[in-house]
Structures are given as structure tokens and as C-alpha cells.
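Take a look at the fold shown below. Try to follow the chain from one end to the other before you read on.

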Amino acid sequence: MKKTDLINKMLAVESRIASEKGPFVLFALFQREDDSLGQWDLVFAAPWADADPIGALYYVDKILQVSLNAAESVSISMIAPVQTQDPGVKEVLDTVAGEHGLAEIRNKEFFDKPIKRAYIIIAKSAQPLPA
């Protein structure tokens with residue numbers, strides 16, 4: 001499995017879910033410093049997921065199952081929905097912010113864990129809802 005294949009598929013997954021459910025504040029892959037197997041944690045935050053994080057987790061997992069091949073699926077060690085107001089989300093937003101695209105970050109601590117590598121697919125502050 002090529003890393004670029006996984007990243008390109010994750011870009012497509014984020015886009016699909018955002019078009020079906022609404023925008024993400026954060027959608028990123030994190031590889032922990034202590035990981036020796038090349039596995040990734042998918043961390044996401046979205047206003048639509050705040051009210052039902054377990055439902056959001058199942059929904060994202062379902063989309064991943066139909067979007068990734070077997071090798072790519074086993075490279076995702078964890079799917080973690082986090083609240084949009086989580087301080088860890090703000091820390092990522094402060095580090096890199098942009099609509100779509102891809103930012104690679106190495107050797108930084110996020111969510112109180114040392115991260116060897118991160119691919120930030122989206123990091124964008126939530127827009128207030130119109131009145």
C-alpha cells in the first residue's frame with residue numbers, strides 16, 4: 001500500500017462525508033510516535049458530529065469500509081470523533097488552518113500525545129450558523 005493512495009482516498013472520503021453531512025472543523029490522520037507498524041489514527045471534529053459522536057463514528061466507519069481496500073483499512077488503528085470545542089482541535093487549528101488541501105506535520109504533540117507524522121486534510125474553524 002502506498003501512503004499517497006491512502007491520503008488521496010482520505011481526501012475523497014472527507015469530501016464525500018462533508019457533502020452528505022456537512023463540513024468538518026478537523027479531519028486528519030495522526031501517526032503516534034510509539035507506532036512501529038505504520039498505522040494511523042483518524043481524528044475528526046464537525047458540528048454535525050458534536051451531538052451524536054457515536055453515530056458519527058459509525059457513519060465515518062461505514063464510509064471508510066466502502067472506500068478503502070483491506071490493506072488501507074487495517075492501517076487505520078483508531079477512529080476518534082472529538083468535540084469541535086476540544087482544546088486539541090484548537091491547537092491543530094492554531095498550527096495549520098485551511099479549507100481543503102493537505103498539510104503534513106512531523107514531530108509535534110497533538111491531543112497530549114507525541115505525533116511522529118500527521119496529515120491534516122482539513123482544519124477550519126466552524127462558521128456560526130445564520131440567525
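The paragraphs below go through the sheet, its central strand, the helices and the cores.

This is a predicted model: local features need pLDDT of at least 70, side-chain atom pairs count only at pLDDT 80 or more, and totals for chains, interfaces and linings use all residues. Residues are numbered from 1 along each chain as its sequence is written, and side-chain values use heavy atoms, with hydrogens and water left out.

Start with the sheet. Helices (H or I, at least four residues) and strands (E, at least two) are DSSP runs, numbered from the N terminus. Five strands form an open sheet in the order E3-E2-E1-E5-E4, and the pairing is mixed. Two strands pair if DSSP finds at least two bridges between them. E3 and E4 are the edge strands, since each pairs on one side only. From one strand to the next, the twist averages 25°. Axes here are lines fitted to C-alpha atoms, for helices over the stretch in contact, and angles run from 0 to 180 degrees between N-to-C directions.

Now go through the pairs. Strands of a sheet pair through backbone hydrogen bonds, either parallel or antiparallel. E2 and E3 run parallel, joined by five bridges. Trp40 stands opposite Ile76 in E3. E1 and E2 run antiparallel, again with five bridges, and Leu29 faces Leu42 in E2. E1 and E5 are antiparallel over seven bridges. Arg32 has Ile115 in E5 as its bridge partner. E4 and E5 are antiparallel too, over seven bridges, and Ala103 stands opposite Ile120 in E5. The hairpin of E4 and E5 has two residues between the strands, and Phe111 takes a positive phi near 50° there.

Look next at E2. Is it mostly covered or mostly open? Six of its six residues are buried. Buried means under 20% relative accessible area, exposed over 50%, and partly exposed in between (1.4 Å probe, protein chains only). Trp40, Leu42 and Phe44 are buried on one side of E2, and Asp41, Val43 and Ala45 on the other.

Asp41 lies in E2, which spans residues 40–45. Asp41 counts as buried because its relative accessibility is 5%. Which side chains does Asp41 join by polar contacts? One is Arg32, at 2.7 Å. Another is Ser77, also at 2.7 Å. A polar contact is a pair of N or O atoms within 3.5 Å; within protein, one must be able to donate a hydrogen and the other to accept it, and residues adjacent in sequence count only if both atoms are side-chain atoms.

Glu72 is another buried residue, because its relative accessibility is 2%. Glu72 lies in helix H4, residues 70–74. Its side chain makes a polar contact of 2.8 Å with the side chain of Lys9.

Turn to helix H5, residues 87–95, where Gly88, Val89, Val92 and Leu93 are buried. Why do they sit on the same side of H5? They cover an arc of only 140° around the axis, so they share one side. The arc is that of the directions from the helix axis to the C-beta atoms. An α-helix has 3.6 residues a turn, so residues three or four places apart point the same way. Pro87, Lys90 and Asp94 are exposed on the other side of H5. The buried residues of H5 pack against E1, E2, E4 and E5. At the N-terminal end, Asp86 caps H5: a side-chain oxygen lies 2.6 Å from the backbone nitrogen of Gly88.

Finish with the nonpolar cores. Each is a set of buried Ala, Val, Leu, Ile, Met, Phe, Trp, Tyr and Cys residues joined through side-chain atoms within 4.5 Å. The largest has 25 residues, and Met10, Phe27, Leu29 and Leu42 touch the most other members. H1, E1, E2, H3, E3 and E5 each supply at least two residues of this core. H1 gives the most, with six residues. Apart from this core lies another, of 19 residues, among them Ala80, Phe110, Ala118 and Ile120. In soluble globular proteins, nonpolar side chains tend to be buried together.

Key
Contact = heavy atoms within 4.5 Å.
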